[in-house]
Each structure stands twice: as structure tokens, then as C-alpha cells.
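Reader: I would like to learn how to read strand pairing, helix packing and ring pairs in a model. Could we go through one together?

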Amino acid sequence: VEFVQAANALFDKLEQALEPMKRQNDFFDVERFFGDMGEVLTIDLGPKEGKYRIEMSIEDHLCEYSSPISGKVLYVLSAHTGEWVGSEDGHLLEGLLVRDLIRQCRGLPKL
């Protein structure tokens with residue numbers, strides 16, 4: 001239950017933070033849906049720049065992030081901070097998403 005609530009909270013936060021960027025970029029489509037493993041959020045920057053994907057695996061309690069810049073990275077929910085941290089080095093998901101997006105887009109997510 002805690003994982004699902006945290007996943008929903010992350011996606012709600014991201015949708016709100018990304019909304020202003022839609023107006024600042026020619027192609028910036030955010031979509032949220034349920035996939036095979038759990039909820040998915042995509043950010044499509046068009047055929048030239050590519051697509052970002054954040055997918056929750058409810059069964060494995062993992063968050064999988066993939067982007068044209070950083071490739072695929074796995075995240076876990078920190079029991080101490082409630083933040084999504086990289087499973088290999090502990091960096092924050094939100095930080096990597098911002099760093100990737102500012103290399104490809106105009107504007108900044110309001111996280």
C-alpha cells in the first residue's frame with residue numbers, strides 16, 4: 001500500500017511540475033496510464049528528441065526510469081526519506097529527470 005501511494009504521489013507531482021513545460025516546447029506530451037507491471041508516465045519530446053518513461057513495478061517495488069540521455073536506471077523508495085533513490089548509487093530520481101530534461105527542452109520542471 002505504501003509503495004502504491006508513493007508512486008501515485010510521485011506521478012501526481014511530476015504531472016503538475018511538467019505542465020508549464022508543454023507551453024514552452026513545440027512537442028512535449030505527457031501521458032499517464034497503467035502498463036503490465038503498474039502505472040507508467042511518459043514524456044514524449046517527438047521523434048527527434050525521444051521519449052522518457054517512468055514505470056512502477058508494484059510486484060518488485062521498483063521504479064524504472066529511462067531517457068534518451070541517461071538510458072535505464074532503477075530506483076527504490078527510501079524508507080528514511082520517502083524519496084525515490086537510485087538503486088546503485090543513491091542519487092535522486094527527480095534530480096536526474098531535471099538534468100536530462102534541461103539538456104533537451106526549454107523550461108524547467110517545478111519540482
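Reader: Which residue stands opposite Lys72 in E5?

Author: Ser66 stands opposite Lys72. Two strands pair if DSSP finds at least two bridges between them, and E4 and E5 pair in the antiparallel sense over five bridges. Strands (E, at least two residues) and helices (H or I, at least four) are DSSP runs, numbered from the N terminus. This is a predicted model, where local features need pLDDT of at least 70, side-chain atom pairs count only at pLDDT 80 or more, and totals for chains, interfaces and linings use all residues. Residues are numbered from 1 along each chain as its sequence is written, and side-chain values use heavy atoms, leaving out hydrogens and water.

Reader: In what order do the six strands form the sheet?

Author: The order is E1-E2-E3-E4-E5-E6, in an open sheet with antiparallel pairing. E1 (29-34) and E6 each have a single partner strand, so one side of each is left without a neighbour in the sheet. From one strand to the next, the twist averages 20°.

Reader: Which strands does H2 touch as it packs on the sheet?

Author: H2 touches E2, E3, E4, E5 and E6, and its direction makes about 10° with that of E4. Contact means heavy atoms within 4.5 Å; axes are lines fitted to C-alpha atoms, for helices over the stretch in contact, and angles run from 0 to 180 degrees between N-to-C directions.

Reader: Which residues of H2 are buried?

Author: In general, an α-helix has 3.6 residues a turn, so residues three or four places apart point the same way. In H2 (residues 93-102), the buried residues are Leu93, Leu96, Leu97, Val98, Asp100 and Leu101. Buried means under 20% relative accessible area, exposed over 50%, and partly exposed in between (1.4 Å probe, protein chains only).

Reader: How many aromatic pairs does a search of the whole structure find?

Author: A pair of aromatic rings is described by the distance of the centres and the angle of the planes. The search finds three pairs. Rings of Phe, Tyr and Trp (its six-membered ring) pair if their centres lie within 6.5 Å; planes under 30 degrees apart count as stacked, over 60 as edge-to-face and the rest as tilted. Phe3 and Trp84 are edge-to-face, at 5.4 Å centre to centre and 80° between the planes. This pair links helix H1 (residues 2-24) with strand E6 (residues 84-86), 81 residues apart.

Reader: Is Phe3 buried or exposed?

Author: Phe3 counts as buried, at 5% relative accessibility. Trp84 is buried too, at 6%.
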